[in-house]
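Please read them alongside the sequence and the coordinates.

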Amino acid sequence: MFNRNRCLRQLAAITSITLVAGCGLLSSGSSDDKGPIVVGTTSAPSTLDPAASWDGSWELFRNIYQTLLSYPNGSVTPRPDAAEKCAFTDGTNRTYRCELRPGLRFSNGDALDASAVKHSVDRIRTIGVRGGPAGLLGSLDRVQVLGRRVVVFRLDKPDATFPFVLATPAMSIVDPADYPADALREDDKAVGSGPYSLASYTDGKQAELVRNDRYEGFAQRRNDAVTIRYFQDSAQLAGALKSKKIDVTYRGLAASDIVALRGQGARKGIQLIDGTGTEISYLVFNPKDPWAGKPAVRRAIAQIVDRPAIAHKVYWGTVDPLYSMVPAGLSGHTTGYFDAYGSPSAAKARKILRDAGIGERVPLTLWYTTDRYGSETAPEFRELKRQLEDSGLFTVTLRSRPWKTYEAGYRAGDYPVFGRGWFPDFPDAENFIAPFVGERNALGTPYPAPRITDHLLPESRGVSDRAAVAQQFEEAQRILVDDARLLPLWQGRQYVAASEEISGAERALDPSTIMTMWELARKTSW
């Protein structure tokens, strides 16, 4: 459906292991002699219920639940998984029909049919978690079941991106017998139909995944079990990798560890795989705050923030400065903030404030999470505080919380200014604009932007050729820059570090930068 050539996730190893001819190093397969493959990350789930999550919980969901569509290795467009086939059946991108594979079952043996798909999607909107995935379903009118295997999605407006929505882990199919239609499941269990079953889960500590023998889909599992360990900080994560307590890590390595692995990884028996990424980091301003709600204050901050200093002093060049919410590499990317503000200037920021009648130092509290985006988050916010206070225009207080309480706080509107990261739901400029605007968005902070929500996004969704809608996204970004309610800071790269005993890490990240654990394997001969 989409004909734009996206090579955003073609990963290339930047460190290598010397191969000895004939030693069979690349032979791999499912092997249990050393137990499950152990994967480490700092990105722990906030929930096990797909209806509640529009965040990094998707990392786990992709491996234990199933969606109608997903991404086979090498694909950047959604392909059938639980579905046997899916397609728009009209010429206006408003009726989307999927036929399920025959004989699907959940890991507990219950039948997975079209009614289960409808139940799973409907409960997202019925429960309506603030900041939850209901925001992805803005174009959906209703879900219709035709027999046991056919489900039809009736849209109230054209939406060429709807197949991408169905491929997100938010649309994971759950068992109606275990997941209420009008309430979240809040225990430590999960019932899905994905490649793995969740054998056990300890909140914030560990998830044990075992092969789901009832799985029917495209994934070809190269291992029988994976244990995911969740770490509080990057130092613990890197230490566990170096001491071989974990086999792979894919989120949370500190910049210093990445730089060290570039030079020493091979000697330590560790592969470092470096790929272009579309992760972004940004600040969110709460319009209800007495100071952050003032456009002049936001624009003055935009005039002061020095992105290159953050990228190089804090992240050691492992991220790139970002001047729009749409990252480089996607059609529609601009450099809007640089075009509007140029280089950092305290003098220009002072004029912005004085023209708005603000002569005193502006007091601001900046919030960040301590255990979500890696150990550089605290130094990053200290650098932001330094930049703002050195201008002589701001007095900044820094506050922080662990992710679970942090997330609850921003959804409740408690923070004047707060930091967020974004990993894409799908690789399209739409997904870096639509989730953040409207009354129900991923930030839990309403952002009415009628020109974007009522005109530009609907126009773009009516076009299947996504390369042809750059103009709409460029205008949307001009609006975002003028409002300055979202301030992009940097665009990250994707790094996977793995023991030399592990194969498949270079192909394990899907187009949403989610790790597909089934691609990992132990090398079985040396």
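**Notes on the predicted model**

1. Val210 has a relative accessible area of 34%, so it counts as partly exposed, since buried would need under 20% and exposed over 50%. The structure is a predicted model, and this value is computed from it.

2. Val210 belongs to strand 11, which covers residues 206–211. Leaving out residues up to four places away in sequence, Val210 touches Pro195, Tyr196, Ser197, Ala199, Asp224 and Ala225. Asp306 is 96 residues from Val210 along the chain, and the C-alpha atoms of Val210 and Asp306 are separated by 46 Å.

3. The largest nonpolar core has 111 residues. Within this core, Leu68, Phe153, Phe162, Met515 and Leu520 touch the most other members. Helix 2 (residues 114–127) gives the most to this core, contributing six residues.

4. With neighbours within four places in sequence set aside, Phe162 is in contact with Phe88, Tyr96, Leu137, Ser139, Leu140, Phe153 and Leu155.

5. Two helix pairs follow. Helix 7 (residues 307–314) packs with helix 10 (residues 377–390) at an angle of about 140°, and their axes are 10 Å apart. Helix 7 and helix 10 are therefore oblique to each other, as roughly antiparallel would need an angle over 145 degrees. Their crossing, that of helix 7 and helix 10, is right-handed.

6. On the helix 7 side of this contact are Ala309, Ile310, Lys313 and Val314, which meet Pro379, Glu380, Glu383, Leu384, Arg386 and Gln387 in helix 10. By class, the residues of the contact of helix 7 with helix 10 are five nonpolar, one polar and four charged.

7. In the second pair, helix 12 (residues 450–461) and helix 13 (residues 470–483) pack at an angle of about 160°, with axes 9 Å apart. Helix 12 and helix 13 are therefore roughly antiparallel to each other, the cut-off being over 145 degrees. The crossing of helix 12 and helix 13 is left-handed.

8. Which residues meet between helix 12 and helix 13? Helix 12 supplies Arg451, Ile452, Leu456, Leu457, Glu459 and Ser460, and helix 13 supplies Gln472, Phe473, Glu475, Ala476, Ile479 and Leu480. The residues of this contact divide into seven nonpolar, two polar and three charged.

How values were computed:
Residues numbered from 1 in each chain as written. Predicted model: local features only at pLDDT ≥ 70, side-chain atom pairs only at ≥ 80, totals over all residues. Heavy atoms only, no water. Axes fitted to C-alpha atoms, helices over the stretch in contact; angles between N-to-C directions. Helix = DSSP H or I, 4+ residues; strand = E, 2+ residues; numbered from the N terminus. Parallel < 35°, antiparallel > 145°, perpendicular 65-115°, else oblique. Left-handed = near helix turned anticlockwise from the far one by under 90°. Contact = heavy atoms within 4.5 Å. Nonpolar A, V, L, I, M, F, W, Y, C, P; charged D, E, K, R; others polar. Core = buried A, V, L, I, M, F, W, Y, C linked by side-chain atoms within 4.5 Å. Buried < 20%, exposed > 50% of the residue type's maximum accessible area, 1.4 Å probe, protein only.
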